[in-house]
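Please look at the sequence and the 3D structure below. The briefing after them goes by topic.

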Number of protein chains: 2
Amino acid sequence: MTTFYQAVRVRKELSMNIKAQVIEIAQKARAAAAGLARCSAEQKNRALAEMAQELLQQKDMLKKENARDLAAARLTGLAAAMIDRLTLKDSTIEAMAAGLEEVAALPDPVGKVTSMWRRPNGLLVGRMRIPLGVIGIIYESRPNVTADAAALCLKSGNAVILRGGSEAIHSNRAIADILQGVLRKQALPEAAIQLIPITDRKAVSEMLKLEEYIDVIIPRGGEELIRAVVQQSKIPVIKHYKGVCHIFVDTGADFGMAENICLNAKTQRPGVCNALETLLVHQDAATQFLPGAAAKLQAAGVALRGCEKARALAPGMEPATEDDWYREYLELVLAVRVVRDMDEAIAHIEKYGSLHTEAIITRDYHNAQRFLNEVNSSTVLVNASTRFSDGFELGLGAEIGISTTKLHAFGPMGLEELTTSKFIIYGDGQVRT
Amino acid sequence: MTTFYQAVRVRKELSMNIKAQVIEIAQKARAAAAGLARCSAEQKNRALAEMAQELLQQKDMLKKENARDLAAARLTGLAAAMIDRLTLKDSTIEAMAAGLEEVAALPDPVGKVTSMWRRPNGLLVGRMRIPLGVIGIIYESRPNVTADAAALCLKSGNAVILRGGSEAIHSNRAIADILQGVLRKQALPEAAIQLIPITDRKAVSEMLKLEEYIDVIIPRGGEELIRAVVQQSKIPVIKHYKGVCHIFVDTGADFGMAENICLNAKTQRPGVCNALETLLVHQDAATQFLPGAAAKLQAAGVALRGCEKARALAPGMEPATEDDWYREYLELVLAVRVVRDMDEAIAHIEKYGSLHTEAIITRDYHNAQRFLNEVNSSTVLVNASTRFSDGFELGLGAEIGISTTKLHAFGPMGLEELTTSKFIIYGDGQVRT
């Protein structure tokens, strides 16, 4: 029995230890955030440029550390696709470094006065962007997220606490060490970039309790990871669970364009959240459009699941079940439904959609405007592929994630979405009467 | 024992019943939100104008219902100040009606395209404001909040679920009935304004679980109410716990102006969150400024609690304890501290402040700019009273509340803060390569 009690005690101590470590990291981040908020864009850009250089110079060390993760991954039998995402090659490291330089080249959102107005009593009132404070990033497998996320947080003046997957712990630690080393060398707050070096899941649970030190949590990964984070977090979480993206092909659309866009949206990269999952076709367009489009999609390897009307028009479609309309396939499968009109298309999107991205293909001016106005997903397009729902493609310069909840940010998030605004007021002795 | 089990069963049924009722209200709100989001500003303004008329026409009914609340309040021995806040007089009802008309006159934030830009591939990308969806307001005693909050939510295209205090249930119900009646008459979604008619606290607990139907909770009331809401809520809460507002009087400030502003900030309305709570005085200004300012504040009935240096300069100050620096007095009490320089003032604000509102009184250009840039509270002023930290005073046209958390909104919140932005994209057949 002694050994049992000993084991319980050891476990308890370990667990206390994890809690204490995570709290210490969070407190350091909070302190670093205040200092970082005051750094100039020049200081931050200089650090980002040197971080890029250091990553390139320490390629061999990074690959050596990465090899330790890869060896462990092979032992535990991680899937080939996962191992691929975990691997740091010369080209991955070069892309990481280039990414840091791109972030350095972006405009600094901090300190920007977005508007300013004069009050009748002479007060000059403005809104100035400031950092959010401390951002927690929880992510899986890809070690490059460590550098990407750290760079975006640094540039926007936020301290970051990174918690990557246990399968990438050596790689993530090596990258974070390099970034932190540059902060130290340049006399910037070192704790502005910290990685939680604990692979125990308890570290995440403890982190999600620290609302007094961490301002926002951004999880990056599959739906399961995100749901687990939301479930536990006392801190606000910016998230999207999934992207059930729709294209509605209107009657009288340019069918060649519609076909081209549907193919691109479904097949260009089917595993991502802005890929097409459900195709809605106006009943007056279906006879002319569907047979050809279905054949092209099938020729591209897409398995189709259709409603009865769709199946009557195009051969080789499995019947779609109610469940299919909610599905984010993330592979070469597409649900197809013939709808009576745009009202039915919008109602379908409202019922089954995920507030991510929807497009209409139309030649009709009124329908285009109505779709843009009435569909309240985070990204709504006319005559363009859903694949454009992306921070880089929309011109934000970067993307830290996509939000499908409406509070704070909705849709792809760039640097500005990592800031908030305070009111600044220039007075001349005004008092309230 | 039978009666015991019966009582348990009745209680359980009642409780199930509350849960079911609250869920039904929330589902109706969600459905109404979709319809309301599409209403034009004209439709919403017409409804607001008629609501104002109806409130005036039904004054007698409102006062009769209010009398029921007042009678119950007197029976339970509610404090006189609370009874005063609960009372609907002709003038209160007229002010409510005028408030609705003012909201009608404000610009509609919904549908506004805040920016638009062209991408290299020709895509035209813009951001359009849309309603948040369903807003839950939890508040205390003042029945006019029912009309005010409903009007702001309606104007910004959001469905609202109102949950006022049990002491005002008859008044709130009467007001909400009038507003809902107008929605019905004008064929707007009736469930866009709903009041939870259940006084049992369980109704709030159930409401705070419904994250799938309610997008945000805004509590309005004392710190205790707000903490209870945050503790229970699965839905994001926009809140401020308290306002520990500071004024820093710099060396070389216009001491007449400084005195005037401190008096205004502390005494004009001491019970509100933007009133002054701690005065920080530069040590080089203290000898000249403090004795006179302290005497004027004391003459205005303010009890002072000072650090040792402050007490040495001005008579009649109680010693301030560590606890005083954290206090939001909400009455005629002021903490006073002499600081070495602006660094110490900013450090004090960072340590003890509540991120609400801070002001500097200075003649120094550099110090003014530095204070505005480095103090990251939600409202930061130069040479003006902290009492201006208010949606109306800052020119937002309205105020639904104040946020001291940085996510989504920070500082006084107007109509725009009840919206989010979606991306709208005009394309011409673009696909991703």
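This is a predicted model: local features need pLDDT of at least 70, side-chain atom pairs count only at pLDDT 80 or more; totals for chains, interfaces and linings use all residues.

Residues are numbered from 1 along each chain as its sequence is written, while chains are lettered from A and ligands numbered from 1 in the order in which they are written.

**Helix packing**
- Helix 3 (residues 59-75) of chain B packs against helix 7 of chain B at an angle of about 155°, and their axes are 7 Å apart. (Helices are DSSP runs of H or I with at least four residues, numbered from the N terminus.)
- Helix 3 of chain B and helix 7 of chain B are therefore roughly antiparallel.
- Residues making this contact (C-beta atoms, placed from the backbone, within 7 Å) include Met61(B) and Leu62(B) of helix 3 and Ala174(B) and Ile175(B) of helix 7.

**Ala176(B)**
- Ala176(B) lies in helix 7 (residues 169-185) of chain B.
- Ala176(B) counts as buried because it has 22 C-beta neighbours inside 10 Å; the cut-off for buried is 20 or more other C-beta atoms within 10 Å.
- Leaving out residues up to four places away in sequence, Ala176(B) touches Thr146(B), Leu162(B), Ile193(B) and Leu195(B).
- The C-alpha atoms of Ala176(B) and Ala147(B) are separated by 7.4 Å, with the two residues 29 apart along the chain.

Note on methods
Helices (H or I, at least four residues) and strands (E, at least two) are DSSP runs, numbered from the N terminus. A residue is buried if 20 or more other C-beta atoms lie within 10 Å of its own, exposed if 12 or fewer, and partly exposed in between; C-beta atoms are placed from the backbone. Two residues are in contact if their C-beta atoms, placed from the backbone, lie within 7 Å. Axes are lines fitted to C-alpha atoms, for helices over the stretch in contact, and angles run from 0 to 180 degrees between N-to-C directions. Angles under 35 degrees count as roughly parallel, over 145 as roughly antiparallel, 65 to 115 as roughly perpendicular and the rest as oblique.
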